[in-house]
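Colleague: I am new to this structure, and I would like to know what stands behind the words used for it. Could we look at it together?

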Amino acid sequence: MTDHDHHHHEHDHSELSETELRVRALETILTEKGYVDPPALDAIIQAYETKIGPHNGARVVAKAWSDPAFKRALLEDGTKAVGTLGHVSRVGDHLVVVENTPQRHNMVVCTLCSCYPWEMLGLPPVWYKAAPYRSRAVKDPRGVLADFDVSLPNETEIRVWDSTAETRFLVLPMRPAGTEGWSEQQLAELVTRDSMIGTGFPKIPGAPS
Amino acid sequence: MNGVHDMGGMDGFGKVEPEPNEPAFHAAWEGRVMAMVRAMGAAGAFNIDTSRYYREILPPDVYLSSSYYQKWLLGLEDMLIDKGYVSAGDVAAGHAAAPAKPLKHGKFTLDDVERIMVRGKFGREAQAPAKFKPGDRVRARNMHPATHTRLPRYVRGHVGVVELNLGCNVFPDSAAMEAGDNPQWLYTVVFDATELWGPDADPTVKVSVDAFEPYLEAV
């Protein structure tokens, strides 16, 4: 390691520590005042690290691909339909599912902050919360899709949903060809997080992941 | 407020940079901040709209140069001090120096974790019939409130079509200022890109926002 690299590393480390110390101090204050129990904070973190993630949304999408009645119900009332699925039912009252078709591609953004269907997809990725996506998704969605190496036919309608209230939008991507007869579990493996935001497609069957 | 957080349509922020196999948190402190915000909100120290407002009123240079969870931390500290749950002396000492202020829902403990995994309910009983219905043409008002609002600048003054009636909901503009739920009808309103961005915009693009009734006028 050169001197320059070493210096750079230390610089990053001290910046991180400053924030880290501030966070620790705040947690100490909140704990000492009797506002929060640290094990309760641990449990919240653990839930988002282990239980709540895109696999929840993938299960919903795979079921919609397999079960036409469920798909109809999901598009009619996302909250109610997802509520019938047991452990992935915790979506609150405001889930709207929007379907991609050969004619129309849907894409979700929150230009004002970071609204995102946490219960379906987990915590949003950094890019979703950052200025480049938030600023450009509503003005140049094809350009944004190009940043994801996604390109659509010129005539495909693009519909951008800006999450400006408490409604949460989940994109139902198109089922990949070549998956006839697949089980819901197999199909769920193809459903990526980005395909449910509208910045990607599901995996292609048989392609290396 | 017309803050830097209202980013729709701004130029110059560069490419979107997806991170392969991104972890839930990039450092342990990020998780602590997220959990403290969720816990203190659930305990009744503030509502979700107030917490959004406190991030929006960070100075623009701070907003733009801070990471996501740094903004959450700064907003949380400011909010807890303003609402009297934490004192400046506590922060300076790094310990509880002043007495605690009772929380509306009491201490946040392990028993409360399950309930916050279910999203809050924002639907409220209607105070009046809905003024608009799907298919109606509406204009987003040319309004510039100095405090929290959820009507982004890029749609103001433009004409769109009501697509969905999402029911009567808590009005963030009121809730953020702790002025009550003030329930309002909420609609998905869809705009052509050419209406928003001019005749050279991509004619295949449509953009929708969820707009509360006070944001809209009939055309």
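Modeller: Gladly; here we take the terms one by one and set each value against its definition. This is a predicted model, in which local features need pLDDT of at least 70 and side-chain atom pairs count only at pLDDT 80 or more, while totals for chains, interfaces and linings use all residues. Residues are numbered from 1 along each chain as its sequence is written, chains are lettered from A and ligands numbered from 1 in the order in which they are written, and side-chain values use heavy atoms, with hydrogens and water left out.

Colleague: How many helices and strands are there in chain B, and what makes a run count as one?

Modeller: Chain B has eight helices and five strands. Helices (H or I, at least four residues) and strands (E, at least two) are DSSP runs, numbered from the N terminus. Their order in chain B is α-α-α-α-α-α-β-β-α-β-α-β-β. The C-alpha atoms of chain B fill a box of roughly 60 × 45 × 35 Å along the principal axes.

Colleague: Which domains does chain B have, and how do you know their bounds?

Modeller: The bounds come from an automatic or database domain assignment, which gives domain 1 (28-116) and domain 2 (137-218) of chain B. The C-alpha centres of these two domains of chain B lie 29 Å apart. Seven residues from domain 1 of chain B and ten residues from domain 2 of chain B take part in the contact, where contact means heavy atoms within 4.5 Å.

Colleague: Why is the pair of Glu178(B) and Lys83(B) called a salt bridge?

Modeller: The term asks for a side-chain nitrogen of Lys or Arg within 4 Å of a carboxyl oxygen of Asp or Glu. For Glu178(B) and Lys83(B) the N to O distance is 3.4 Å, so the pair qualifies. Between domain 1 and domain 2 of chain B the count is one salt bridge.

Colleague: What area do chain B and chain A bury between them, and what makes it "buried"?

Modeller: Buried area is the accessible area (1.4 Å probe) that two parts lose on being put together, summed over both. For chain B and chain A this comes to about 7,300 Å², with 61% of it on carbon and sulfur atoms. Val16(B), Arg32(B) and Arg119(B) supply 11% of the area that chain B buries against chain A, more than any other three residues. The contact takes 89 residues from chain B and 77 residues from chain A.

Colleague: How many salt bridges are there between chain B and chain A?

Modeller: The count is ten. Arg32(B) and Glu27(A) also meet in a salt bridge, at 2.8 Å from N to O. On the side of chain B that touches chain A, α1(B) gives the most, with ten residues.

Colleague: Why do β4(B) and strand β3 of chain A count as paired?

Modeller: Two strands pair if DSSP finds at least two bridges between them. Ile158(A) stands opposite Val205(B) in β4(B).

Colleague: What does the salt bridge of Glu99(A) and Lys71(A) tie together?

Modeller: The closest N and O atoms of Glu99(A) and Lys71(A) are 2.6 Å apart. Glu99(A) lies in strand β1 (residues 95-99) of chain A and Lys71(A) in helix α4 (residues 68-76) of chain A, so the pair ties together parts that are 28 residues apart in sequence. Over all chains, the count comes to 28 salt bridges.
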